[in-house]
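This briefing sets out the computed features of one protein chain, grouped by topic. Please read it alongside the sequence and the model shown here.

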Amino acid sequence: MSRIEIIGGEQLKGELKIQGSKNAALPIIAATILNKGITILKNCPKILDVYHMVNILEELGCIITWEQNTLMVNSKKTSISCLPEDSVSKMRSSVLFLGAILGRFHEVTIAYPGGCSIGKRPINYHLDAIKRMNVEQEFLGENEDIIHCYTDKITGNDIFFERSTVGATQNVILTAVLSEGITKIYNAAKEPEVEELCKYLIRAGAKIYGEGTSYIEVEGVKELHDVEFTLSPDRIVAGTYMAAVAATQGDVVFHHAPSQHLEATIDVLRKVGCFIEVKGDVIKVGNHARPKPINIITEPYPAFPTDMQSQLMSILCLAEGKSIIVENIFESRFQNIGELTNMGAQVHIDESGKIAQITGVNSMHGAQLYAHDLRGGAALVISALAAEGSSVIQCTDYIERGYEDISRDLRLLGAKIKYHCG
Ligand code: EPU
């Protein structure tokens, strides 16, 4: 099993460039099915989740080429509309192929993606919305966990989401791009990764209006064309490394950082005591004192993101006082608490499982740690960097799903961190 070894206590210092965005890349990789041609995707992060989506494209018949961080997809000869069950079970984001394959072939068979380590994660909003677009659905197999969607014609319709959902908004957009008529999405997710998918599709010839707002209109077109697109930098990777600077009381300049998408994170880090200067895509972060406590609720964009919650908790464990975090998006995103307690932190979850009370301690110590999910794993790296002594983090596959090379990046900033493969 691969592991990361860290000797804590070094203040992070230096300069670092931020990798391309995972959550922008994944839906766009699914979308490459729609243009029956070539997509050149620049600044694509080389992470496990991207490799997994690319493997699915290959299984569907696409031709894939990589040149450093540029991914080229030729989807001309794709002919299969059935997604293998083990591909879907490996990774939840493969559900984004539902809309893309349906849009191209008017038919898709896909296994029901189960829950995952951060919560139940149902897909009822995806299925209810797509059904309204003249798509029949049947549930096959012994456990009725294979979804078969088919139609002779996808028709635009009005879609209202009762809560903000990134994936279902993206799936409706993917389904609607080559449909007949207009699809109006009310209460659409405003996350930058929804906007980025729309920008990619528009560049390929789609007609989409209102991206980045809670009302999106998609006017179906007959076909898309070849496209070249550059992915934005990853706002959560940037936020994770900024949190590491806060926890270790360091000073770092980040280049190629998506500052316009980091407002809530920057605001929170300033409240815990960081000095932050933003100039275009350059962010300078410094922290020279013990963090201050804060109360925070995770909410959809532009509010403070659930994907930064675990990293913030790692900082608050060392704060001078009591903090409260309310996790509003996923059911099981407090799995780090056992690990943090082993390092000397004081964290208590209430009966609802949604509210964590954190009493900051003066210092934490290194320990044997287990990553339970992607962001939680990255947060353990932060805690280990800030702790006294050495830590070993197991189950690092989770971290590799979203970070190209967290050990390399942090080593560049002076951390004593080593990745051991296998
Ligand atoms: N939900 C439902 N039914 C649905 C869809 C969602 O009940 O049909 C619930 C979810 O269970 C959750 C809430 O609605 O409680 C919001 O889920 P959403 O659909 O917005 O999340 P997602 O599309 O599954 C994406 C990101 C997550 C990020 C969330 C929230 C990707 C590939 N994943 O997930 O990223 O936390 O939006 O912003 O874009 C990560 O990168 O670590 C990660 C988990």
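**Burial, salt bridges and backbone features**

Asp409 counts as buried, at 6% relative accessibility; buried means under 20% relative accessible area, exposed over 50% and partly exposed in between, with a 1.4 Å probe and protein chains only. This is a predicted model, in which local features need pLDDT of at least 70 and side-chain atom pairs count only at pLDDT 80 or more, while totals for chains, interfaces and linings use all residues. Residues are numbered from 1 along each chain as its sequence is written, and side-chain values use heavy atoms, with hydrogens and water left out.

**Salt bridges**

- A salt bridge is a side-chain nitrogen of Lys or Arg within 4 Å of a carboxyl oxygen of Asp or Glu, and by this rule the count comes to 13.
- Asp409 is paired with Arg408 in a salt bridge, with 3.1 Å between the closest N and O atoms. Arg408 is partly exposed, at 35% relative accessible area, whereas Asp409 is buried.
- Another salt bridge joins the side chains of Lys153 and Glu180, at 3.8 Å from N to O. Lys153 lies in the loop between β8 (146–150) and β9 (158–160) and Glu180 in the loop between α6 (166–176) and β10 (182–186), so the pair ties together parts that are 27 residues apart in sequence.
- Both partners are partly exposed: Glu180 has 47% relative accessibility and Lys153 has 37%.
- Glu277 and Lys279 form a salt bridge whose closest N and O atoms are 3.9 Å apart. Glu277 is partly exposed at 40% relative accessibility, while Lys279 is exposed at 62%.
- A network of salt bridges links Lys22, Asp49 and Arg401.

**Backbone features**

- The peptide bond from Tyr301 to Pro302 is cis, with omega near 10 degrees. Pro302 sits in the loop between β17 (295–297) and α10 (309–316).
- Gln68 is a residue other than glycine with a positive phi, near 50 degrees. Gln68 belongs to the loop between β4 (63–67) and β5 (70–74) and is exposed, at 66% relative accessibility.
- Gln249 also has a positive phi, near 55 degrees, and is likewise not a glycine. Gln249 is in the loop between α8 (235–248) and β14 (251–255) and is partly exposed, with a relative accessible area of 23%.

**Overall fold and dimensions**

- The protein chain has 14 helices and 23 strands; helices (H or I, at least four residues) and strands (E, at least two) are DSSP runs numbered from the N terminus.
- The radius of gyration is 22 Å, close to the 22 Å that the globule rule gives for 422 residues, so the protein chain is as compact as a globular protein of that length. The radius is taken over C-alpha atoms, and the rule is 2.2 Å times the number of residues to the power 0.38.
- The C-alpha trace spans about 65 × 45 × 40 Å along its principal axes.
- Of the 422 residues, 55% count as buried.
- Among contacts (heavy atoms within 4.5 Å) between residues at least 6 apart in sequence, 72% join residues at least 24 apart.

**Surface and charge**

- The accessible surface comes to about 17,000 Å², of which 48% belongs to carbon and sulfur atoms; accessible areas come from the Shrake-Rupley method with a 1.4 Å probe, and for residues only the protein chains shown count as cover.
- The protein chain has 40 positive and 51 negative side chains, with the centres of the two sets 4 Å apart. Lys and Arg count as positive and Asp and Glu as negative, with His and the chain ends not counted; each charge is placed at NZ of Lys, CZ of Arg, CG of Asp or CD of Glu.
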